[in-house]
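Here are a few notes on the aromatic side chains, for you to read alongside the model. Have a look at the structure first, then go through the points.

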Amino acid sequence: MSACHTGNSRVLVAFVCGLLTTIILGLSIWRIMTRIQRETSVPPSSIPIEFCRNGGTWQNGRCICTEEWKGLRCTIANFCENSTYMSLTFGRISVGRYGPSLQTCDENTVNAGNPIAIRLCNLSLYGEIELQNAIIGSCSENLQTLELQIDNIASDSRNISTEAQILTSDASKLTAENITSATRVVGQIFNISRQADSEARKTAVTTVSQLLDVDEDIFQKAAAIDNDDTFSTLIEQMETYSLSLGNESVVEPNVAIQSINLENPVGSTSIRFSVQRGASDSLVSGSTSVETNVDGLNPDGWTELQILVNTKNNTKTCGFVVYQNNKLFQSKTFTARSNFSQKIISSNVDGNEHDQSASVAMVFSPRYNQREFQLNSYACVYWDFSTRDWDTYGCYKSRVTEEGFLGCLCNHTTNFAVLMTFKRNYQYPESLDIISNVGCALSIAGLALTIIFQVVTRKVRKTSVTWVLVSLCTSMLIFNLFFVFGIENSNKNLQTSDSDTNTIDFDNNEIPTRDTVDTPNPSCTVITAFLHYFLLVTFTWNALSAVQLYFLLIRTMKPLPQHFILFISLIGWGAPAIIVGVTMGIIYSQNGNNSHWELDYRQEEICWLAIPNSGSFLTSPFLWSFIIPVAIILSTNISIFILIIVKVLWKTKQNLTSTKKSSFVKKILSTLSIAVVFGITWILAYFMLINNDDIRLIFSYIFCFFNTTQGLQIFILYTIKTKIFQSEASKILNSLSSSFGRMTSGPTSIRMRLRVRMYNMLGSIPSLHGRFRLLDPSVSSEEFPFSENHQTNQSG
C-alpha cells in the first residue's frame with residue numbers, strides 16, 4: 001500500500017512539473033504569436049537612405065544642409081578654406097559669416113583668450129566665394145569695458161559696435177555674463193536717442209546674429225541674472241530700427257530686418273513679407289522679399305514664412321524682423337528642448353506698438369526631422385512686453401489650404417511666433433525579439449523546475465534548501481517573466497495619423513509648456529522599476545553565490561560567518577531595493593513637476609532604463625544605478641572565478657591516484673556551472689560596444705543566446721545532471737510505465753523491456769551532482785567532493 005502511495009505521489013509530481021512546463025511554454029509561444037500578429041507592416045520609406053551628404057538631413061522633401069554645404073545632396077562647398085592674413089590665421093569659415101582668428105589675446109591683457117581679429121567669407125557680385133580683409137580688434141577691450149562706454153556711442157559708435165562684434169565672434173566661449181553685457185551694448189546702439197552711425201547699427205545686427213548661436217542653456221542662465229530686462233529692451237529697439245531702413249534689408253544668418261516705405265498711402269494697405277527657404281537653416285541674402293497692395297497670402301513650396309499686414313489707417317512705413325530662433329524670448333511658460341527652427345516674426349507699423357488698427361495673417365512652414373518627429377499641435381502667440389512672456393490675446397489658429405503650412409490670425413502687430421509641439425516617432429527594434437522570447441521561455445521553465453526540485457528533494461538530499469540557488473533562480477524567474485510580458489511599451493500600439501495636421505485642434509490655442517510631448521504610461525514605468533530591481537537582485541545573488549563558494553572552497557578550514565544566510569538575504573533582496581528607490585526618488589524630486597519625468601528614468605521604446613546621450617552620461621541614473629553596480633559585481637565574480645579555477649578545479653593533484661582524478665569533461669562542466677551561476681556571460685555586453693556593425697551584431701546574438709537561456713543552463717547543470725534527479729526521474733518513469741502497462745493488454749515482457757531501456761538511457765547521462773554541490777551552506781563531505789579533495793590536497 002505504501003509503495004502504491006509513493007508511486008502515485010511521484011506520478012502527481014511528474015504531472016505537475018509537466019503541466020507547469022507546458023503552461024509556461026504555451027504562454028511564451030502565445031506571446032510571440034500575439035506580437036507577430038500585432039505587427040503592422042511599415043511601408044518602405046520614401047526618404048532616400050544616405051541621400052543627403054556632409055551632415056545634411058532630409059526634411060520636408062529635401063536635404064537641409066549644414067552651413068558649410070549646399071546643393072541637392074549637400075555636396076557643393078559653401079565655405080572659405082583655411083587662410084592667413086598678415087600674421088593671423090583663420091580656420092574654415094561658412095559663407096555669410098565672420099570667422100575668428102586662431103590667435104588670441106595674451107593672458108596679461110583685458111581681453112585674454114578671445115580672438116584678435118575676424119574675417120568675413122562672402123559671395124562676390126559674380127557669385128564666387130571670397131574672403132574679405134580681416135578686422136583687427138583691441139586686446140585692451142572686453143564686453144564689460146564696452147558697457148562703460150555706452151555714453152560715448154554718439155561719437156564712437158562704429159568702434160564700439162565693431163569691438164562687440166569681434167568679442168562675440170566665437171559663440172562657444174561666451175558666458176551668460178558676456179551675453180548680458182553684449183545685449184546691453186547693442187541695444188543702446190539701436191537706440192535712436194544715442195544717434196549711432198548707420199554702419200554701426202548694421203554691425204550690431206551681425207552681433208545679435210552671433211549671439212543667437214550660443215547654446216540655449218547659456219541664454220537661460222543669462223535671463224536669470226538679467227535684472228535690467230536687457231533682452232526686451234534689445235527686441236524693442238530692433239523693432240524701432242526696422243522702420244528706419246527705407247526700402248533696404250539687412251540679412252545675417254540668424255537675423256533678417258526689412259523695412260518698406262509706402263508711397264502715397266491712402267486708406268487701407270496690404271503688405272506681404274516672405275522668407276524663402278535656403279539650403280540650410282540659416283538666413284541668406286536675398287531670402288526675404290516684401291510686396292504691397294496684394295490680395296492675400298500665396299505661399300509656395302519654397303516659402304518658409306509669410307506674413308500679411310492689413311492696415312486701416314494711412315500707414316507710411318512698415319518694418320519686419322525675423323529671428324532664426326527664440327533665444328532672446330526667454331519664456332517662463334514654454335520650454336524648447338529640441339533644435340528645431342522656432343522662427344519669430346515681428347511686424348511694426350509706423351512705430352505704433354500693438355497697433356489695433358492692423359490685422360495680421362501668417363503662415364509658417366515648420367522645419368523638423370520628419371523621420372523622428374510628428375507635429376502634434378501648435379499655438380499662435382505674441383510676445384507681451386509687460387509680462388515678458390508669450391500670450392495668445394487677439395491671436396487665433398486658422399486653416400490653410402496649402403499643405404504643410406500652419407496658419408495664424410492676429411488683430412494687432414508685434415512679435416509673433418508659432419509654438420509647435422512634436423511627438424517623437426520612436427523606433428522599436430525587432431531583430432532579436434524572437435530569440436529573446438524563446439530563450440526566456442526555456443529559462444522560465446528551467447528556473448521553475450529547478451526551484452521545485454530544490455524544494456521537493458530537500459528531504460531526499462538530507463539537507464536544507466540551497467537558499468542562495470533558490471533565491472538566484474527566483475529573482476531570475478521573476479525578471480524573465482517581466483521581460484517577456486512587460487518589456488514592450490503599450491504606447492507602441494497607439495494609432496498615429498498619417499498627416500501631421502489631422503490631429504490638430506484648431507479651436508484650442510492654449511500655450512504648450514514644452515516643444516516635445518510624450519504619452520504618459522505609468523505602467524511602463526512600474527515595469528521598468530521591477531525589471532531594474534530584479535535584474536539587480538539577480539546580479540547581487542550572483543555575487544553572493546561567488547562569496548559563498550569562496551568560503552566553501554577556498555576557506556575550507558574556517559566555518560561560515562555567524563548568521564550568514566540572514567546577512568546575505570538582507571543584502572540580496574534589500575540592497576537593490578535601496579538603489580532603485582533612491583534613483584527614482586532623486587529623479588522625481590528633480591523633475592516631478594514635469595509630466596515627462598518618467599522619461600528621465602526609462603526609455604519610451606521599451607520599458608527599460610533610459611540610455612543617456614554622450615553629454616549627460618556621467619550624471620545619468622543609468623550609469624550610477626546600474627552600470628557601476630553591475631561592473632563592480634562582475635569584476636568581483638571574475639576574480640573569484642579565476643581564483644577557484646586555478647586553486648581548485650584545474651589544480652594538479654600529484655598525490656591522488658588516477659581513479660580519483662576528475663576527467664577533463666567534468667572539469668569543463670564544473671567550470672561552466674560556476675560561470676553560469678556567477679553571471680560571467682554578461683561580459684559579452686562589452687563586446688557589443690564595438691564600432692564595427694557586423695562584429696557587434698554577432699556578439700549581440702551570442703549575448704542574447706547565452707543570457708536569455710541562463711535559467712535553462714542552471715536547470716541542466718544543477719538539476720538534470722544530478723544523481724538525485726536522474727534517480728527520481730527514473731523512478732517516476734518506471735511508475736508511469738507501470739501505470740501505463742496496467743491499462744494496456746500488452747505482454748509483461750514488453751513493459752519490462754521498456755522500463756529497462758528508459759532506465760539505461762537516463763543512467764548513461766554523465767552525473768555532475770556528485771562532483772558539484774557548490775551553493776548549499778550545509779553540504780556534507782559526501783555531497784561536496786570539491787571541498788574534500790581540496791582539503792586532502794592541503795593536508796598532503
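**Notes on the aromatic rings**

1. Let's start with a charge over a ring: Arg 73 has its charged end sitting over the ring of Phe 51, 4.8 Å from the ring's centre. Keep in mind that this is a predicted model.

2. There's another arginine to look at. Arg 92 lies over the face of Phe 79, and here the distance to the ring centre is 3.9 Å.

3. Now for rings against rings. How many aromatic pairs does a search of the whole structure find? It turns up 20. Take Phe 273 and Phe 320: their ring centres are 4.7 Å apart and their planes are at 5°, so this pair is stacked. Phe 273 belongs to strand 15 (residues 269-276) and Phe 320 to strand 18 (residues 317-323), so the pair ties together parts that are 47 residues apart in sequence. Both Phe 273 and Phe 320 are buried.

4. Phe 482 and Phe 534 also make a stacked pair, because their planes are at 20°, under the 30 degrees cut-off, and their ring centres are 6.1 Å apart. Phe 482 sits in helix 9 (residues 467-486) and Phe 534 in helix 10 (residues 522-554), so parts 52 residues apart in sequence are tied together by this pair.

5. Phe 534 counts as buried, at 9% relative accessibility.

6. Finally, have a look at the cluster: Tyr 323, Phe 329, Trp 383 and Trp 390 come together as one aromatic cluster.

How values were computed. Residues are numbered from 1 along each chain as its sequence is written. This is a predicted model: local features need pLDDT of at least 70, side-chain atom pairs count only at pLDDT 80 or more; totals for chains, interfaces and linings use all residues. Side-chain values use heavy atoms; hydrogens and water are left out. Rings of Phe, Tyr and Trp (its six-membered ring) pair if their centres lie within 6.5 Å; planes under 30 degrees apart count as stacked, over 60 as edge-to-face and the rest as tilted. Helices (H or I, at least four residues) and strands (E, at least two) are DSSP runs, numbered from the N terminus. Buried means under 20% relative accessible area, exposed over 50%, partly exposed in between (1.4 Å probe, protein chains only). A charge sits over a ring if NZ of Lys or CZ of Arg is within 6 Å of the ring centre and within 35 degrees of the ring normal.
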